[in-house]
Amino acid sequence: MDPDIIDFPGAFLVRRPLAKFISSRRSVKVAENYKQIGCKSPILDLTQRQASALESMLPVSRYECAYFHCHALLHPMTEEVVKKIKSGGFEQLILLPLYPQFSQATTLSSMNEWNRQAKKQECTIPAKLICCYPNQPLFIDAWVENINSALVRFH
């Protein structure tokens, strides 16, 4: 039902039934995939590992920092995290989407959900967005290096 994904003139009138139709068809197709990976999405575990790795790599000796992660469709949800942050006495936020790509259905949708929840809860802490790191040349070079080293094994 994400308005950033189901977005066309008059979409608010049909978003709920259309989302139900799409999800009922899609769930049948992906059920087998989920069985093969342990009957749950790996997203939460992977995100927690990414957040822990990031936390361990960033220098916090000069700053008092806290790390949070949130999701649009599973816990901890964006709404819950905005509440925690709002009550935490923070002076500034750095928002870092961890998607390996930029798309309207991922990064843009998540950032819009963050903005909706922050506005709804009147969270006025200044926020900086680190966006689109997958487009950075060093990130792309790292991917190319990993792909090339994997290809060597097949030759």
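In what follows, a residue is called buried under 20% relative accessible area, exposed over 50%, and partly exposed in between, for a 1.4 Å probe and protein chains only. The structure is a predicted model, in which local features need pLDDT of at least 70 and side-chain atom pairs count only at pLDDT 80 or more, while totals for chains, interfaces and linings use all residues. Residues are numbered from 1 along each chain as its sequence is written, and side-chain values use heavy atoms, with hydrogens and water left out.

The cysteines come first. A disulfide is taken here as a pair of cysteine sulfur atoms within 2.5 Å, and the count by this rule is one. C131 and C132 form this disulfide, with their sulfur atoms 2.4 Å apart. C131 is partly exposed at 30%, and C132 is likewise partly exposed at 25%. For C65, the closest cysteine sulfur belongs to C123 and lies 17 Å away, which is too far for a bond; C65 is partly exposed at 42%. C39, at 61%, is exposed.

The aromatic rings follow. Rings of Phe, Tyr and Trp (its six-membered ring) pair if their centres lie within 6.5 Å, and planes under 30 degrees apart count as stacked, over 60 as edge-to-face and the rest as tilted. The structure contains two such pairs. In one, F68 and F90 have ring centres 5.7 Å apart and planes at 90°, so their arrangement is edge-to-face. F68 is partly exposed at 36%, as is F90 at 26%. F139 and W143 also pair edge-to-face, because their planes stand at 70°, with ring centres 6.2 Å apart. Of these two, F139 is partly exposed at 25% and W143 is partly exposed at 46%.
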